[in-house]
Amino acid sequence: MSAISENMKTLGMMARGAAEFDAKAARAAAAAIASHAAAIPDLFEANETDPSSEARPEIWTDFEDFSARASELESIAIGLSTSIAGPEDLGPAMSSLGSSCRSCHSAYRE
């Protein structure tokens with residue numbers, strides 16, 4: 001999850017103008033998000049009870065929905081990994097990625 005967060009920061013910095021727009025770097029960040037999103041279900045397959053985890057038990061009671069949300073994030077990020085061409089693409093990209101992340105976090109994260 002921290003790798004997804006770091007790549008979101010890369011996109012966010014460019015979107016806010018805090019970093020110079022670099023289409024190759026933006027597409028690479030989206031591709032990395034897609035790759036990490038694809039691994040999410042495997043990371044949560046076992047019902048762990050780590051006291052420092054922010055994962056809600058609902059992950060394992062509705063693992064199919066949890067996995068579908070990870071797949072949705074992966075699909076969005078894959079699309080962005082080939083479509084980000086200019087700085088004007090970053091706002092919509094951040095919006096769609098952020099919406100997908102929030103939907104999962106609100107349901108499955110403390």
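Reader: Is C104 buried or exposed?

Author: Buried means under 20% relative accessible area, exposed over 50%, and partly exposed in between, using a 1.4 Å probe and protein chains only. C104 has 15% relative accessibility, so C104 counts as buried. C101 counts as buried too, at 16%. Keep in mind that this is a predicted model: local features need pLDDT of at least 70, side-chain atom pairs count only at pLDDT 80 or more, and totals for chains, interfaces and linings use all residues. Residues are numbered from 1 along each chain as its sequence is written, and side-chain values use heavy atoms, with hydrogens and water left out.

Reader: How many disulfides are there?

Author: A disulfide is a covalent bond between the sulfur atoms of two cysteines. Here the rule asks for a pair of cysteine sulfur atoms within 2.5 Å. The count is zero, because the sulfur of C101 lies 8.2 Å from its closest cysteine sulfur, in C104, too far for a bond.

Reader: Which secondary structure elements does the protein chain have?

Author: Helices (H or I, at least four residues) and strands (E, at least two) are DSSP runs, numbered from the N terminus. The protein chain has five helices and zero strands, giving the pattern α-α-α-α-α along the sequence.

Reader: Which residues have the most contacts inside the largest nonpolar core?

Author: In soluble globular proteins, nonpolar side chains tend to be buried together. A nonpolar core is a set of buried Ala, Val, Leu, Ile, Met, Phe, Trp, Tyr and Cys residues joined through side-chain atoms within 4.5 Å. The largest one here has 26 residues, and those with the most contacts inside it are L11, I33, I40, F66, L73, I84 and L97. At least two core residues come from each of helix 1 (2–16), helix 2 (23–43), helix 4 (63–83) and helix 5 (90–108). Helix 2 gives the most, with seven residues.

Reader: What does I33 touch?

Author: A contact means heavy atoms within 4.5 Å. Leaving out residues up to four places away in sequence, I33 touches I4, N7, M8, L11, L73, A77 and L97. Across the protein chain, 71% of the contacts with a separation of 6 or more join residues 24 or more positions apart.

Reader: And how much of the protein chain is buried?

Author: Of its 110 residues, 32% count as buried. The C-alpha atoms fill a box of roughly 40 × 25 × 20 Å along the principal axes.
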